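Let's take a look at the pockets of a protein, and at one of its helices. Have the sequence and the 3D view open as you read.

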Amino acid sequence: MQPLDKNGLTEAEFLSRYSSERYPKPSLTADTVLLTGSEGEMRVLLICRSGHPCIGQWAFPGGFAEERESIEQTALRELYEETGITDAVLLPVGLFSKPGRDKRGWVVSQCFVSVLPEAAMAKAGDDAAQAEWFTLRLADNTVNLTGRSAEIKIGYGVSDGQVYTQSLSQDALAFDHADMLVRALICIQKIRI
């Protein structure tokens with residue numbers, strides 16, 4: 001005997017009447033914070049976006065999920081397509097879903113962090129105009145990112161389990177990638193909360 005729900009339906013009956021159109025759906029993306037370096041000098045890989053939205057801004061490699069792949073596969077595929085890097089081991093940082101985080105609409109992103117033993121050669125591809133390793137320094141609740149073509153300063157704070165960031169420079173990370181970076185650094189215990 002199959003179990004019945006509160007309406008007296010079997011699972012097969014329920015599914016035959018179910019419409020996924022009843023619920024709006026977000027688009028799903030994956031982004032990867034790729035770090036390398038020793039305690040003396042850390043570096044983070046950023047790509048310069050070649051298309052809208054946020055054209056010309058620095059961001060983490062990432063993009064939209066395809067229907068027949070896991071979100072981890074999305075992250076690895078996008079990392080390869082945008083930088084040529086293939087040897088990342090992904091650790092989940094969190095799901096970023098703040099309303100308005102992406103001008104294209106309701107887009108949520110699973111962020112991952114990966115720490116490479118040494119900087120891999122990165123070459124821009126797909127949606128990336130450039131791929132560059134930025135030096136990362138932490139001081140007085142500020143993350144300083146220094147690259148050949150940009151310097152990005154991010155102020156941060158953590159209160160009641162929430163991460164707060166603020167751009168402190170003319171150059172800024174795209175979308176909510178400053179939040180992703182700070183949360184990734186918390187995950188790998190470079191920032192103490």
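Here is a short tour, starting with how the model should be read.

## Ground rules

This is a predicted model, where local features need pLDDT of at least 70 and side-chain atom pairs count only at pLDDT 80 or more, while totals for chains, interfaces and linings use all residues. Residues are numbered from 1 along each chain as its sequence is written, and side-chain values use heavy atoms, with hydrogens and water left out.

## The largest pocket

A pocket here is an open set of points on a 1 Å grid over the protein atoms alone, where a 1.4 Å probe fits and protein lies on both sides within 12 Å along at least five of seven lines; lining residues have an atom within 4 Å of a point. The largest one has a volume of about 540 Å³, counted as the space filled by probe spheres set on the points, which are joined across faces, edges and corners.

Its lining has 26 residues, with Phe96, Lys98, Thr165, Asp176 and Asp179 nearest the centre. β10 gives the largest share, six residues (strands are DSSP runs of E, at least two residues, and helices runs of H or I, at least four, numbered from the N terminus).

## The second largest pocket

This pocket holds about 240 Å³ of space. Among its 21 lining residues, Arg49, Gly62, Gly63, Arg104 and Phe175 sit closest to the centre. Helix α2 (71-83) is one of the elements that give two or more residues to this lining.

## Helix α2

Buried residues (under 20% relative accessible area, 1.4 Å probe, protein chains only) of α2 include Ile71, Ala75 and Leu79. Just after α2, Gly84 has a positive phi of about 80 degrees.

How values were computed
Buried < 20%, exposed > 50% of the residue type's maximum accessible area, 1.4 Å probe, protein only.
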